[in-house]
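Here's a quick tour of one model, with a look at how its parts sit together. Have the structure open as you read.

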Amino acid sequence: MINVGVLGATGAVGQRFVELLADHPWFHLQTLTASERSAGKPYEKVVNWRLETPFPDEIGDCIVSPTTVEAVADLDIVFSALPADIARSLEAEMADAGLIVCSNASSHRMDPTVPLLIAEINPDHTGLIDVQHDRGRDGCIVTNPNCSTIMLSCSLAPLLPHGIRDVKVATLQAISGAGFDGIPGMAICDNVIPYIGSEEEKMSEEPRKILGTFNGSEIEPITFPISASCNRVPVIDGHMLSVWVEAECGVEEAKKAFENWAAPFSGLPTQPDKTLHIFSQPDRPQTRLDRNLGDGMTVSIGRIREGIRYTAMGHNTIRGAAGSSVLNAELLKKKGYI
Ligand SMILES: NC(=O)C1=CN([C@@H]2O[C@H](COP(=O)(O)OP(=O)(O)OC[C@H]3O[C@@H](n4cnc5c(N)ncnc54)[C@H](OP(=O)(O)O)[C@@H]3O)[C@@H](O)[C@H]2O)C=CC1
Ligand SMILES: N[C@@H](CC(=O)OP(=O)(O)O)C(=O)O
């Protein structure tokens with residue numbers, strides 16, 4: 001077994017990590033960390049478990065550690081669900097100390113030596129880990145993209161060979177995306193908030209790297225423009241996107257491209273049978289009905305029509321965060337980095 005820990009284990013993403021790792025076939029969940037407020041106490045006493053799956057009792061009496069390099073020094077992998085400002089220096093120190101850091105925080109995403117990885121979309125970008133090693137780092141940092149960016153990039157991948165010229169996207173994002181203390185009920189009930197700080201910038205920039213080409217030493221980014229408009233809506237989980245793509249193909253060719261696309265590998269424990277599920281019904285995907293497809297790891301696509309226009313939707317704390325990060329770690333194991 002590979003010994004792993006979760007940094008920020010009490011939060012919205014941290015709890016998803018605990019859920020996914022409590023009974024993982026390859027990874028043994030050994031250490032949970034959080035802030036000084038929680039450190040030194042049993043996990044079950046400090047976590048406000050908000051997931052629908054039952055609390056994993058076997059981890060309940062694990063004493064929460066402070067989030068320090070020393071607390072995780074004996075692990076192989078740490079999964080980070082830390083706030084970005086805390087993650088920046090801590091994740092770098094942990095990677096320098098020899099750990100594999102699979103992070104959800106935005107701090108290192110655009111570092112040219114750090115893979116911005118979606119396992120099924122750009123698995124060859126793991127080659128950047130060798131670049132980190134060549135520069136003297138014993139471990140490595142591998143980051144997840146922003147949650148809305150993951151849904152967008154998965155949906156654009158099948159259209160890439162068809163000459164994408166321009167992308168516009170409008171999002172309807174769940175409350176859980178802002179973390180447990182992110183948005184008060186009084187602000188979001190019966191409301192839509194047409195602003196999510198820095199989200200539109202991340203959606204424009206991150207796909208350039210994800211969908212770019214690894215040339216052996218760096219990523220050559222894609223060049224088409226992506227314009228995003230992001231909204232917070234009163235659903236608990238699931239980010240929906242309306243996407244407009246200008247490409248060199250017509251709508252029928254686009255439909256075939258979506259339907260025929262398949263992940264470049266199969267069989268990893270957290271990998272869904274289908275990375276993309278294509279709906280033909282005119283009123284799908286729907287957030288509540290479809291966010292748990294593939295145990296929350298499938299990105300649903302529907303309403304593919306002239307324009308080219310389509311709807312994409314996925315679970316923001318599973319495919320958009322913890323689940324993708326665990327799958328990334330499984331890919332690293334498959335590729336021999338662990
Ligand atoms: N929610 C989502 O859908 C997504 C989130 N992300 C990213 O994942 C990260 C976590 O987000 P989320 O789970 O939503 O956030 P939450 O606010 O729900 O959780 C934050 C976690 O970090 C811990 N923490 C807070 N301050 C410190 C500190 N000073 N030192 C150590 N630990 C600390 C908290 O511990 P304590 O309980 O003790 O305060 C808690 O465990 C963020 O970087 C976010 O941007 C990425 C993609 C999607
Ligand atoms: N901002 C996203 C979630 C998130 O935390 O993204 P990032 O890790 O890029 O800051 C949302 O609110 O839905």
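Helix axes here are lines fitted to C-alpha atoms over the stretch in contact, and angles run from 0 to 180 degrees between N-to-C directions. Helices are DSSP runs (H or I, at least four residues), numbered from the N terminus. The model is predicted, so to speak of local features takes pLDDT of at least 70 and side-chain atom pairs count only at pLDDT 80 or more, while totals for chains, interfaces and linings use all residues. Residues are numbered from 1 along each chain as its sequence is written, with chains lettered from A and ligands numbered from 1 in the order written.

Start with α1 (residues 12–21) and α11 (residues 318–334): their axes are 9 Å apart, at an angle of about 45 degrees. That makes the pair oblique, the word for angles that are not under 35 (roughly parallel), over 145 (roughly antiparallel) or 65 to 115 degrees (roughly perpendicular). V13, R16, F17, L20 and L21 of α1 meet I318, A321, A322, G323 and V326 of α11, where contact means C-beta atoms, placed from the backbone, within 7 Å.

Zooming out, the chain splits into domain 1 (2–146 + 321–334) and domain 2 (147–315), with bounds from an automatic or database domain assignment. Their C-alpha centres lie 23 Å apart, and each domain gives 31 residues to the contact. On the domain 1 side, α11 brings the largest share, 8 residues.

| Class | Residues on the domain 1 side |
|---|---|
| nonpolar (Ala, Val, Leu, Ile, Met, Phe, Trp, Tyr, Cys, Pro) | 16 residues |
| polar (the others, Gly among them) | 9 residues |

Terms used
Helices (H or I, at least four residues) and strands (E, at least two) are DSSP runs, numbered from the N terminus. Two residues are in contact if their C-beta atoms, placed from the backbone, lie within 7 Å.
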